[in-house]
There are 2 protein chains.
Amino acid sequence: MNETTATCTVTFLPANKSIRVKNGTSLIKAARKTGLHINASCGGAGVCGKCRVLLEEGDLTGGTSEKLTEEDYNRGYRQACIATVSQDVTVRIPEESGRQKGGLATDIPLRHHARMHVFNIDDLKEEDIFYPPVEKLCMELSKPDVHDNRADLGRLIQGLADQHNKHRLVTGLTVMRKIRRTLREKDFLVTVTLEQPVNDKSKSLLLNIQPGRWDHRNFGLAVDIGTTTIHGVLIDLHSGEILAKDSCYNPQMSYGEDVIARIIYAEKPKGLSMMQELVVDAINTIIKNMLKQAVPPEGCGQGAITRDEINSITIAGNTTMTHLLLQLEPDNIRRSPYVPVSTFVPPLHATDLHLELPHHCVALLFPAISSYVGGDIVAGVMGSGMYRTELLTLFIDVGTNAEIVIGNREWLACAACSAGPAFEGGGITHGMRAVDGAISDFSLNPETLEPMNITQGEKAPLGICGSGLLIIAATLFEHGVLSQDGKFNDLDTPRIREGRNGREYVLAWEDECAADHDIVLNEVDIDNFIRAKGAIFAGVFTLLEQVGLQVSDLEQIILAGGFGSYIDLDSAMTVGLLPEVDPDKIVYVGNGSLMGAWMSELSNHIRQDVVNVVRKMTSFELSEISAFKDHYMASTFLPHTDLSLFPKAMGRRKQKSSSHNSPVIA
Amino acid sequence: MNETTATCTVTFLPANKSIRVKNGTSLIKAARKTGLHINASCGGAGVCGKCRVLLEEGDLTGGTSEKLTEEDYNRGYRQACIATVSQDVTVRIPEESGRQKGGLATDIPLRHHARMHVFNIDDLKEEDIFYPPVEKLCMELSKPDVHDNRADLGRLIQGLADQHNKHRLVTGLTVMRKIRRTLREKDFLVTVTLEQPVNDKSKSLLLNIQPGRWDHRNFGLAVDIGTTTIHGVLIDLHSGEILAKDSCYNPQMSYGEDVIARIIYAEKPKGLSMMQELVVDAINTIIKNMLKQAVPPEGCGQGAITRDEINSITIAGNTTMTHLLLQLEPDNIRRSPYVPVSTFVPPLHATDLHLELPHHCVALLFPAISSYVGGDIVAGVMGSGMYRTELLTLFIDVGTNAEIVIGNREWLACAACSAGPAFEGGGITHGMRAVDGAISDFSLNPETLEPMNITQGEKAPLGICGSGLLIIAATLFEHGVLSQDGKFNDLDTPRIREGRNGREYVLAWEDECAADHDIVLNEVDIDNFIRAKGAIFAGVFTLLEQVGLQVSDLEQIILAGGFGSYIDLDSAMTVGLLPEVDPDKIVYVGNGSLMGAWMSELSNHIRQDVVNVVRKMTSFELSEISAFKDHYMASTFLPHTDLSLFPKAMGRRKQKSSSHNSPVIA
């Protein structure tokens, strides 16, 4: 990638608003970022021809298709969705394309995404807690003679006591079998690899022994096993830095999209071992790719990093993913009372899991809280720093199963609720994952109810992804197109019509999109959406209530999970997905699970904190709390039956003009 | 075997001595036990015809061959070596067969073997230290419900804390993988198998889990890996009793008789893994045989004992045997400064050693002291009770390598010396193992110098075994046939003649024995014998000196090893193998190594004692102590150059009558 990407300024008239964007940005995206609406059904495919703008100064690349006559082109018209900027330019959004009224621009809301939480290795170093669970130590031992013929292992152990103050060493056959040669290969100069168990600090495990000086080379892995995606990083345990990254889809996906489907598959004969093989193969591939990519850091010698130099791997995943990796029978996870086999896992050999790593490599798994609050959430609580903040924090990982943690450094409470797959595009008529062609942003011409669809990859629309669904629902609700109970008002526009599943809003017509049908959002979809966001909000509300707090007590919200980074905060509060707080209090942690695993790879202190966090965390089973059902029912409205919880959302809601039937606010 | 074997009384005339023996005993053995000599070259084959006796009362079975005329038979003559008793009988030993002089019997010395040390399980119970390292506990756990959906493993661990006061449990994947089904199979009634590590009493290892009640069935193994023979016992860990025994030759023998030869073989490509396979196969066979034999004790249910119910195996062997079992490179054991890979071994899974035992079976190996004082000696110190006696004790395991331990419950010092294979029949012209045909007892007619050879199995002589060698050498020395420097005096008898290796004594003529040559003992043999006994005595003397003690301080001597039980104590002191002490102070421990392993299987307290014993024991390297060489030189005489050390031996020595040349006493 070019490090100095050229930028230029785009000025929109009549709003007279400017923005600096990278060369190559489409005009429609520039408008969206500026907070200006341009009618655009086709999402950038250039087929709807509705996004005409007039070039006034400078020039654009592209911007024409069969939808534009040569005459119009010559007059300066361009199609905003297929015109890209490469120099400073001024364009005018004509009245028919925009949403200005009487010549004045009406801004559309800018998107507010949560600011990103970043993990800083230097913090560990400053706090003096940077010491990986596996360390390497070099020693020169005295050579045996007739006055000192101690056994090789005894000599080594005494050396560790004398030279490194390490006492109570435990080792195994593998080290014993190679020690004789290893000691003598470089004349009793040796490097040992030691694991310091978290639960017994007085003891060290002697994992490996190498001839000569190798204490400058010590590498580890952190892996997050998501239900959908597996991420890994290769870490230099000396500096703490990430040397390589890789990820892939979780290949178990072919046998079921969600954890329940995976569990059902695992219950079949050989299903469990197959599930394990799939995830292990995927991790092995990630390891191979990372070793190929990685360049050894400076001061680390010349040689490429080899598999044999990986001394530890920390793995985080939800409870089901962890069960499948370990070949623990997950059957009872999906059946009330939802009993996992185990929530903690002792340190293992990586080879016990068939990982293509050396026998001396330790595999450390994040402990879980319960069947539905897994090691990934514990890792997220670590990675996001929630476990050590004084701020009263709400942590939400939004997905098919939403996990909620409330608390701070003093105490923690958690619960999980099943939101359904709406936020991942599931259960929505034209829902899809956030890939090319997914409508992921949206605005509405309040007069004409014409949409501005922004798609992933600026491809012709194919469907609606989770973040798009949230914004579309919020926008339609804000403009009074949707009623509080999620029904379409009977407005005078071809975009709203009766469909097979109640009324529906047509986002894109068949001839404008990549699908062989109109792309619509219908009332059943809205209902699924409302139930998903309602479950999450009710979960938050119930858990707060259980610990004697209310929304206004929250000092911080941490969003985790893939979806979290795309959530438009205003939309989320408008529809009642997130409680209404100052957006500055909201942080996005990215892959908190991977971050927590990375941190654990660097600090035994943090591994101890993990144990403490798990001990500290109280798990609530929402299905067993009768108030939860009431809160859920109250949350299945936009934004909620109790509007006092969402004062700003109701302020954002604009009643449709009297020319339409006003929706009745319950 | 008949429990009430019939006995009868044999009376010998003219000595008029009687003895009760079992029916079926040969007359010559009865005479030997009575302390009477009967000339007998052929050891019971009936071919020399020298052992004629005269039946005076009662009757004998057999006792005739072609060597006896019908006339003599009718007169009452019988051949003592082939006549067996089945009723009370009186026989007369005629002058030509016996050693009576002028009609009076001259007694030959009775054999004094050391009394046997017996391990008593009740002692452990009385001292309240009967608790095997692996125990089984049964529990009924509460069932999960919506108010208590703890993980299966967490529930089990809590149950162990609540019901059995077991805290800090550690387990592995194998248990985790079966716990879900196991808990539910008998409705949350389960039996767990726990190992209590000796080095960390606060922690328990959860080895196995079974559905239902199985805490009454808990079995273990103790195995002694000798260089020559492997012994095993199957133990009921509830009662402590041995349920089955088996043994076999160590199949590594085919690749070398002694440890040095085994090490040399192990240094070859694949030699080490082959040595391991051989010993492991042998142990596996022993296990199979014992499981076949064993009958479950009462109160243990009906089912046969299965492999899966064996939860621990304790193994003792010398340092080389232990290295070969573990596939540790033994190379440096045979090279100065004699450095083993390790003297201690962490607890292992039996499956790590390829033993055909369940994965949950723990393998516990006895720690060693040095390359030549191995785990078998440590086990012997345990098994013999030396580690807890207040008596100042000398422990000797006599073999090719003799190991010596001096001390008591307060302190221990040890050393090893290479005696050479004389005591195992090696390096002796007609030496052999103690099998059928080996001359193992002997007396001498002082007038005629005719021998009375007693052989193993009463077969025609084939050679001389270790215990026979000791008695023959002592007897020849006592009768002045051998000089103090181990040379034959020139006496007037065809039994003594010049041979290829100096003078020799003919024990049996070719036509009397199973070999195709005369069986002799020559001066080179005597020299090898003297060097063997001299090395051991010098080792004892040097070690005593190192700790500031002398022979007269010894309050107890413990003999160990296969040879130990056959040692005639008077002979051993006559030749200067053992220091001269009251024979009542001498104890034989049998297979002390196996006994120590058995004790360890029954008591973690004893396992802790093993650790303490090893810590307590100071190892001396005799080759590094200059005085050892002097003591060795002084010991290469019969019994020693310093005769004040052996006052009784010299008293036993009878000068040859003046008709022969008296040997010169140096």
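Let's start with a sheet in chain B: four strands line up as S9-S11-S12-S10, forming an open sheet with mixed pairing. Strands pair here if DSSP finds at least two bridges between them, and strands (E, at least two residues) and helices (H or I, at least four) are DSSP runs, numbered from the N terminus. The edges are S9(B) (134-140) and S10(B) (169-170), each of which pairs on one side only. Keep in mind that this is a predicted model, where local features need pLDDT of at least 70 and side-chain atom pairs count only at pLDDT 80 or more, while totals for chains, interfaces and linings use all residues. As for names, residues are numbered from 1 along each chain as its sequence is written, and chains are lettered from A and ligands numbered from 1 in the order in which they are written.

One place to look is B:Leu169, whose bridge partner in S12(B) is B:Ser204. H4(B) touches S9, S10 and S11 (189-195) of chain B, and its direction makes about 95 degrees with that of S9(B). H5(B) touches S11 and S12 of chain B, with its direction at about 40 degrees to that of S12(B). For contacts, the rule is that the C-beta atoms of two residues, placed from the backbone, lie within 7 Å. For angles, axes are lines fitted to C-alpha atoms, for helices over the stretch in contact, and the values run from 0 to 180 degrees between N-to-C directions.

How do H4(B) and H5(B) cross? The axes of H4(B) (residues 152-164) and H5(B) (residues 173-185) come within 9 Å and cross at roughly 80 degrees. That makes H4(B) roughly perpendicular to H5(B); angles of 65 to 115 degrees get that label, under 35 is roughly parallel, over 145 roughly antiparallel and the rest oblique. On the H4(B) side you'll find B:Asp152, B:Leu153 and B:Leu156, which meet B:Met176, B:Ile179, B:Arg180 and B:Leu183 of H5(B). By class, this contact has five nonpolar, no polar and two charged residues. The classes are simple: Ala, Val, Leu, Ile, Met, Phe, Trp, Tyr, Cys and Pro are nonpolar, Asp, Glu, Lys and Arg are charged, and the others, Gly among them, are polar.

The contact takes 35 residues from chain B and 36 residues from chain A. H4 and H5 of chain B each supply at least two residues of the side of chain B that touches chain A, and H5(B) gives the largest share of that side, five residues. Sorted by class, the chain B side has 17 nonpolar, nine polar and nine charged residues.

Next comes S16(B) (residues 310-317), a mostly covered strand: eight of its eight residues are buried. Buried means that 20 or more other C-beta atoms lie within 10 Å of a residue's own, exposed means 12 or fewer, and partly exposed is in between, with C-beta atoms placed from the backbone. Seven bridges join S16(B) to S13(B), and the two run parallel; B:Leu221 has B:Ile313 as its bridge partner in S16(B). S16(B) also pairs in the parallel sense with S18(B) (residues 362-365), over four bridges, where B:Thr314 is partnered by B:Leu364.

Now for a helix, H7(B) (residues 271-293). Its 23 residues reach 33 Å from first C-alpha to last, close to the 33 Å expected at 1.5 Å a residue, the expected span being 1.5 Å times one less than the number of residues. Its buried residues include B:Leu272, B:Val279, B:Ile286 and B:Leu291. Among the elements covering the buried residues of H7(B) are S13 (219-225), S14 (229-236) and H8 (319-326) of chain B.

Another open sheet in chain B has three strands in the order S23-S22-S24, again with mixed pairing. S22(B) (residues 438-444) and S24(B) run parallel, joined by two bridges, and B:Ile439 has B:Ile464 as its bridge partner. H10(B) (residues 466-478) lies across S22 and S24 of chain B, at about 20 degrees to S22(B).
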